[in-house]
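Please open the structure in a viewer and follow the selections in the order given here.

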Amino acid sequence: MIDFMLTALTYVAIQSVLSLGLNLQWGLTGLLNLAYILFMATGAYFSAVVVSDPASPPGTEYILGLREPFLAGVVAGVLAATVLAVVVGAVALRNLRADYFAIVTLVIAEGTQQIAGQFRGLFNGSAGLVAIPQPLETVFQGRDYAVFFLLLCIGCVMVCFVVAEWLRKSPFGRALRALREDEEAASAFGRNPYTLKLRAFVIGASMAGLGGSLLGAYVTAFAPAGWGVAETLLVLVCSSSEALATALVRC
Amino acid sequence: MTFVGEHQTGKPQSTVLAVEDLSRSFGGVPAVDGVSFRISGGEIVGLIGPNGSGKSTTVNLVSGSLRCDSGRILLRGSDISNRSAYQVARLGLTRTFQIPRVWGRLTVAENLLVAGTDVSDESATRALTRRRKLRQQRGELEERLFDILATLNLTPLANQQAEVLSGGQKRLLEFGRIMMSGASVLVLDEPFAGVNPVMCRALQDIIEALRADGCLVLLIEHNLQAVEETCDRVIVMATGKIIAQGSLAEVRASEKVISAYLGQAS
Amino acid sequence: MEAHRVNVLLHAIGFGLVTAAIIATSAVAFSLQYAVTDVPNFAHGELLTVAAYAAYETQQHGLGLAIGAAAGATTGAAVAYLMYRLVLRGFVWKSSRLVYTVAVTAGISLIIQNGLGILFGNAEVTLNLPSDQARHVGPFLWTQTDITVILGSLVALATVHLTLRHTPFGRAQRAVADNRELARASGLRIERVISLTWLMAGAVAGLGGVALATSRSTFGPLLGNSFLLVTLAAAIVGGVGRVYGAMIGALTIGLVTELSGAYFNAGYKQVAALAVLTLVLLVRPSGILQVQRTRAEA
């Protein structure tokens with residue numbers, strides 16, 4: 001029972017990190033990002049290949065395999081998600097129409113998922129990555145480890161929550177909300193819709209990257225089948241509110 | 001204040017907003033066709049004309065909501081014809097819309113705060129690193145904000161979501177945002193549409209007060225009585241062209257204007 | 001050696017043109033429906049799938065592929081029409097919020113996929129095609145089926161073009177697409193125009209579905225869904241909601257994917273499609289045919 005609770009709580013914590021990032025994009029800024037799960041996947045994949053042993057083809061193939069510590073993996077995962085978000089955001093946000101953004105992100109999400117599935121050399125194709133090393137797995141054993149990982153995730157949630165809350169209450173967050181309510185009126189007062197949206201998009205995506213890194217390390221496996229557009233939609237429909245509490249309670 | 005004095009003594013004013021040979025067509029149909037006019041600081045100018053005469057398109061072009069096909073728009077001498085709406089706004093030109101557009105799920109106070117905040121303070125890094133300074137700035141803004149709310153009689157609604165306001169109150173809030181932003185060139189799209197006579201009077205007073213602070217106002221209006229009371233002069237458009245300029249009494253006597261309006265009526 | 005290289009190139013271009021023809025039918029249907037009705041239909045792929053199954057079903061009853069195509073177009077039209085009348089209309093008029101439209105159309109997509117799985121089984125079905133030899137048509141190597149697909153899609157596109165440009169209904173469609181309020185004010189029966197547009201787009205998508213099925217010959221309930229990516233990519237490259245842009249986009253995406261498939265390997269098709277999409281959007285954010293910025297919002 002306690003083990004089950006620990007597992008459930010860990011998933012809740014990881015989901016909370018993901019929700020906080022999505023909430024920045026969708027709740028605060030009104031960006032319907034159908035590729036959100038792509039940034040989670042990027043975080044999961046990149047942190048996994050940074051911490052994993054070098055690949056041993058033909059059984060498994062993937063890039064890097066640096067055998068670095070967990071922290072380096074998380075940093076790499078967040079960084080990769082952030083960089084990808086800058087590119088995707090620059091492509092998808094330059095046209096300011098909201099439905100256009102949704103369609104473009106959908107195409108990008110589906111396309112990248114297929115690419116990840118097809119190219120074995122990248123992240124082991126559709127079979128995905130398995131046996132992703134966990135942080136400090138030699139130090140703690142059994143239930144102690146579960147508690148440790150839960151605390152790690154809760155720490156991440158708290159950091160993300162504080163960052164999200166500070167952003168929301170700042171002039172930056174206020175401008176994002178104004179943009180969400182009426183973009184044209186916001187432009188009439190000198191707010192640049194493109195750069196504001198891009199920033200919200202990138203910050204949200206980096207939280208997705210963090211959530212993905214944690215998820216990959218917790219489950220110790222990650223494959224393209226786990227990140228369809230349906231997953232993003234599910235999260236979206238449930239959390240269409242700007243209140244952070246809702247985003248947390250939801251999962 | 002000096003602007004008003006100069007204006008009333010009839011001294012020539014320096015041009016703040018100049019539109020030169022502006023054109024824009026939609027699907028080959030010209031909506032605005034070679035329009036030119038100049039407006040000086042402290043002037044209130046009405047843009048009138050029958051439906052479909054190109055007034056709204058002109059306003060959209062001037063405010064950067066639309067790009068022109070040809071011609072130039074000069075704001076204090078710099079060419080803004082190819083600037084986006086937000087760039088134009090940063091040069092001090094702001095606009096209102098036919099239907100009042102407030103940020104509905106922000107409170108009335110927040111609506112004013114957004115307008116009054118310096119764009120450079122809306123950075124994500126500052127939000128995390130300069131929290132104390134931002135809080136202090138918010139306090140300063142709030143002093144100004146409550147003065148403005150008091151003038152607009154919106155003080156009791158300060159913490160209400162803007163979407164619950166009545167149409168007239170939303171208009172007031174729009175003007176509050178303008179005051180807060182410190183914009184000096186105002187383009188108003190039918191500011192008196194759909195408001196009751198009392199509110200209309202209040203809005204006219206606000207516009208007059210803004211002019212007294214040196215603002216230039218270009219407004220589209222159908223209510224000719226309000227135009228007569230508010231504007232120093234009018235520009236009349238029909239089928240994308242300017243057909244008359246001058247005081248309302250002068251343009252009323254113009255043959256072209258009469259036939260344009262009659263053509264509309266028939 | 002040189003001759004062989006030219007042959008590979010021509011073969012890839014020929015194949016690209018066939019692919020482009022199928023993408024064009026699908027993308028034009030998507031763009032037409034989106035432009036007029038303002039609903040991004042994420043269940044668009046399923047219109048293709050139901051049409052393909054309709055063609056398969058007619059073939060099971062011993063009827064020819066021509067009748068199959070007609071049945072596909074009819075089914076596509078009927079499903080699109082019902083999709084709008086029964087489900088989407090309520091959402092579109094009640095709430096313009098994009099997220100609901102996306103969720104509802106994605107939901108419809110799942111329902112149709114699973115419904116077809118129940119009716120026909122999740123295993124792939126096979127469309128019997130007349131066995132024919134590829135032959136040289138000008139510089140290209142095409143089978144009779146390829147030629148039929150290209151001609152059929154040209155006819156479909158020409159019909160769309162003629163309807164849009166030269167009929168009162170097409171004028172009404174363009175008016176509604178341009179500015180719905182203005183169209184309503186000038187007395188157009190918008191509701192009717194929108195309903196009929198769903199019907200028309202459904203029929204075109206249905207033809208595209210049958211064409212897609214013939215090019216694959218075996219297919220399952222995910223046929224159309226797997227094609228949604230290239231359809232949307234073509235629509236975006238051409239400028240979402242631009243019917244003629246969709247044709248240009250289809251040609252671009254079709255040729256680029258097939259050429260990259262021929263020169264690298266089949267896996268690069270998606271990479272190529274995404275690369276083209278990214279490049280086009282970086283240079284022209286609204287696609288090759290720029291959408292006029294009449295409204296800065298929306």
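In this tour, two residues are in contact when heavy atoms lie within 4.5 Å. The model is predicted.

**First stop: the two domains of chain B.** Select domain 1 of chain B, residues 2–99 + 171–265, and colour domain 2, residues 103–120 + 130–164, separately. Their centres, taken over C-alpha atoms, are separated by 27 Å. At the boundary, 9 residues of domain 1 of chain B are in contact with 14 residues of domain 2 of chain B. About 1,100 Å² is buried between these domains, with carbon and sulfur atoms giving 78% of that area. Next, show the side chains of B:L173, B:R177 and B:M180: within domain 1 of chain B they lose the most area to domain 2, together 63% of what that side buries.

Which polar links cross this boundary? There are 2 residue pairs in polar contact (both at pLDDT 80 or more), and the count of salt bridges is 0. Now select helix α7 of chain B, residues 167–181, which supplies 7 residues, the largest share of the domain 1 side. That side divides into 5 nonpolar, 2 polar and 2 charged residues.

**Second stop: chain A against chain C.** Display both chains; the contact takes 29 residues from chain A and 36 residues from chain C. The buried area here is about 2,900 Å², 71% of it from carbon and sulfur atoms. Across this interface, 5 residue pairs are in polar contact (both at pLDDT 80 or more). Finally, select α3 (70–92), α4 (98–118) and α10 (229–238) of chain A, each of which supplies at least two residues of the side touching chain C. The largest share, 15 residues, comes from α4(A).

Notes:
Residues are numbered from 1 along each chain as its sequence is written. Chains are lettered from A and ligands numbered from 1 in the order in which they are written. This is a predicted model: local features need pLDDT of at least 70, side-chain atom pairs count only at pLDDT 80 or more; totals for chains, interfaces and linings use all residues. Side-chain values use heavy atoms; hydrogens and water are left out. Buried area is the accessible area (1.4 Å probe) that two parts lose on being put together, summed over both. A polar contact is a pair of N or O atoms within 3.5 Å; within protein, one must be able to donate a hydrogen and the other to accept it, and residues adjacent in sequence count only if both atoms are side-chain atoms. Helices (H or I, at least four residues) and strands (E, at least two) are DSSP runs, numbered from the N terminus. Domain bounds come from an automatic or database domain assignment. A salt bridge is a side-chain nitrogen of Lys or Arg within 4 Å of a carboxyl oxygen of Asp or Glu. Ala, Val, Leu, Ile, Met, Phe, Trp, Tyr, Cys and Pro count as nonpolar, Asp, Glu, Lys and Arg as charged, and the others, Gly among them, as polar.
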